[in-house]
Amino acid sequence: MFNFNNGEVDMNALHLEGWWKKPGSAKSEPIQWLDFTIDEACHRRLEEAEETLQKTGDKETFLDVDETSLNLKAPEECGPLSDCRLRVYLDSTMERRCHFHLVGHTLKDHSLVYSNAVLIDQLLD
């Protein structure tokens, strides 16, 4: 992960292994990297979601995101993605810390596509 300043907003640039699960398939398959950025506003939303999960004891929540605001680059084999969200989930084995990962679907056949998870605390302020 990198923290860079584009003149206005600090962002975290993520380069994460991706996975996809085609309709009717029993298991997911690895795909090339998913690249996207988390800006300061999204980072705050992730932290707020973490706090809410810790208070309520719920296991997970989803944050809607716009693929263009993420600067999302998916592997060519996937093509464009739709309905991208960030899944935020509580990991009870890590002192109730939260992870998140990108989840979406391909436009061509609605295959599930998702990234490896990142600990919210690993994002740079």
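Biologist: How many salt bridges does a search of the whole structure find?
Modeller: The search finds four salt bridges. Keep in mind that this is a predicted model.

Biologist: Start with E40. What does its side chain meet in a salt bridge?
Modeller: The E40 side chain meets that of R44, at 3.0 Å from N to O.

Biologist: Where do E40 and R44 lie?
Modeller: Both are in helix α1, which covers residues 40-56. They sit four residues apart, about one turn of the helix.

Biologist: OK, next one. What about E60 and R87?
Modeller: Their side chains form a salt bridge, with 2.6 Å from N to O. E60 belongs to strand β4 (residues 60-64) and R87 to strand β5 (residues 81-91), so this pair ties together parts that are 27 residues apart in sequence.

Biologist: And how accessible are E60 and R87?
Modeller: E60 comes out at 38% relative accessibility, which counts as partly exposed. R87 is at 23% and also counts as partly exposed. The cut-off for buried is under 20%.

Biologist: Which residue does D121 form a salt bridge with?
Modeller: With R97; the closest N and O atoms are 2.8 Å apart. That pair links distant parts of the chain, 24 residues apart. D121 is in the segment after β8 (118-119), while R97 is in strand β6 (residues 97-106).

Biologist: Which residues do salt bridges that share partners join into one network?
Modeller: E50, R97 and D121.

Biologist: Changing topic, backbone. What is phi of N71?
Modeller: Near 55 degrees, a positive value in a residue other than glycine. N71 is in the loop between α2 (67-70) and β5, and N71 is partly exposed, with a relative accessible area of 37%.

Biologist: What about phi of D83?
Modeller: Phi of D83 is near 40 degrees, again positive in a residue other than glycine. D83 is placed in strand β5 and counts as partly exposed at 40% relative accessibility.

Biologist: Cysteines now. How many disulfides?
Modeller: The count comes to zero disulfides. The test asks for a pair of cysteine sulfur atoms within 2.5 Å.

Biologist: C42 and C84, buried or exposed?
Modeller: C42 is buried, with a relative accessible area of 8%. C84 is buried at 2%.

Biologist: Last one, T106. Where is it?
Modeller: T106 is in strand β6. Its relative accessible area is 1%, so T106 is buried.

Biologist: What is T106 in contact with, leaving aside its neighbours within four places in sequence?
Modeller: W20, C78, P80, L81, S111 and V113.

Key: Residues are numbered from 1 along each chain as its sequence is written. This is a predicted model: local features need pLDDT of at least 70, side-chain atom pairs count only at pLDDT 80 or more; totals for chains, interfaces and linings use all residues. Side-chain values use heavy atoms; hydrogens and water are left out. Helices (H or I, at least four residues) and strands (E, at least two) are DSSP runs, numbered from the N terminus. Buried means under 20% relative accessible area, exposed over 50%, partly exposed in between (1.4 Å probe, protein chains only). Contact means heavy atoms within 4.5 Å.
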